[in-house]
Amino acid sequence: SGAVMGLVVCVVGGIALFVSETFTRQVNALQNASSRAFAGEHLNRLVTAVVMDARGIYASKTIEAAQPFGEGIMASLDKIDAHLAQWRTLVPEADLGGFDAMAAKAAEFRTFRAETARLGAVDPALANEQGNNEANRANRKAYQAEINAVVESDQARFDQITAEINGFKDLVIPVVLGTTLVGLLLGLGV
């Protein structure tokens with residue numbers, strides 16, 4: 001009887017260990033996917049801040065009026081660079097291709113918008129000529145599409161892991177209850 005109970009305890013303990021380890025791994029993956037999805041939203045806000053400051057330069061009549069907008073652009077571009085470097089550490093190996101394509105567009109965006117800021121300090125009309133046009137809007141849309149692709153991929157991964165956790169939970173509860181019941185019955189039988 002002691003051997004049967006010992007076996008039941010070992011089985012229940014093994015299941016508990018497996019469940020705990022699997023659940024911990026899934027929760028960590030979920031947190032990673034959640035952080036990456038949030039990172040995409042944060043990047044969108046920073047890009048919007050740069051675009052709004054560029055519009056501020058276009059509307060400025062003087063260098064002095066354009067100056068705070070130029071400083072805003074450069075501060076946001078620096079935040080984007082730091083944000084991308086931190087975000088990249090969260091990206092799984094399989095997703096780095098898409099992330100790096102988006103980061104390359106971010107580098108182009110930086111070069112272009114740094115020039116907008118520089119021109120704003122020379123003559124806001126030159127900055128307006130450089131940035132307030134269809135070619136730039138097309139470039140910005142391409143960059144936005146890259147960001148959206150990365151965000152959608154991260155969101156899909158988040159949804160997939162959530163479904164896996166729910167499926168795992170639905171599978172584990174009956175197994176644990178069943179094993180416990182069998183153990184009790186065996187214990188009573190012995």
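Because the model is predicted, local features were considered at pLDDT of at least 70 and side-chain atom pairs at pLDDT 80 or more, whereas totals for chains, interfaces and linings use all residues. Residues are numbered from 1 along each chain as its sequence is written, and side-chain values rest on heavy atoms, with hydrogens and water left out.

The largest pocket holds about 170 Å³ of space. A pocket is here an open set of points, on a 1 Å grid over the protein atoms alone, where a 1.4 Å probe fits and protein lies on both sides within 12 Å along at least five of seven lines; lining residues have an atom within 4 Å of a point. Grid points are joined across faces, edges and corners, and the volume is the space filled by probe spheres set on them. The lining consists of V51, R55, Y58, R113, G131, N132, N136, R137, R140 and K141. Two elements, helix α1 (2-59) and helix α5 (134-189), each give two or more residues to this lining, and the largest share, four residues, comes from α5. Helices are DSSP runs of H or I with at least four residues, numbered from the N terminus. By residue class, the lining divides into two nonpolar, three polar and five charged residues, where Ala, Val, Leu, Ile, Met, Phe, Trp, Tyr, Cys and Pro count as nonpolar, Asp, Glu, Lys and Arg as charged, and the others, Gly among them, as polar.

One of the lining residues, R113, is placed in helix α3 (residues 96-120). R113 is buried yet has no salt bridge, and the nearest side chain of opposite charge, that of D53, is 10 Å away. Buried denotes under 20% relative accessible area, exposed over 50%, and partly exposed the range in between, computed with a 1.4 Å probe on protein chains only; for charge, Lys and Arg count as positive and Asp and Glu as negative, while His and the chain ends are not counted. When residues up to four places away in sequence are not counted, R113 touches V50, A54, Y58, I73, L77, G131 and N136, contact meaning heavy atoms within 4.5 Å. D53, which lies in helix α1, is likewise buried without a salt bridge, and the nearest side chain of opposite charge to D53 is K79, at 8.8 Å. Apart from residues up to four places away in sequence, D53 touches F69, G72 and I73.

The structure holds seven salt bridges, each defined by a side-chain nitrogen of Lys or Arg within 4 Å of a carboxyl oxygen of Asp or Glu. In one of them, D95 pairs with R36, with the closest N and O atoms 3.4 Å apart. This pair links distant parts of the chain, since D95 is in the loop between α2 (63-88) and α3 and R36 is in helix α1, 59 residues apart. D95 is partly exposed, with a relative accessible area of 27%, whereas R36 counts as buried at 2% relative accessibility. A further salt bridge joins R88 to D100, the closest N and O atoms being 2.8 Å apart. Here, too, distant parts of the chain are linked, R88 being in helix α2 and D100 in helix α3, twelve residues apart. R88 is partly exposed, with a relative accessible area of 39%, and D100 is partly exposed at 31%.

Because R118 and E115 are three residues apart in helix α3, about one helical turn separates them. R118 counts as partly exposed at 46% relative accessibility, as does E115 at 28%. Salt bridges that share partners also join R36, D95 and D154 into one network.

V151, placed in helix α5, counts as buried at 13% relative accessibility. V151 touches G40 and E41, residues up to four places away in sequence not being counted, and the C-alpha atoms of V151 and F99, 52 residues apart along the chain, are separated by 9.6 Å. N44 lies in helix α1 and is buried, with a relative accessible area of 17%. With residues up to four places away in sequence again left out, N44 touches Q144, I147 and N148.
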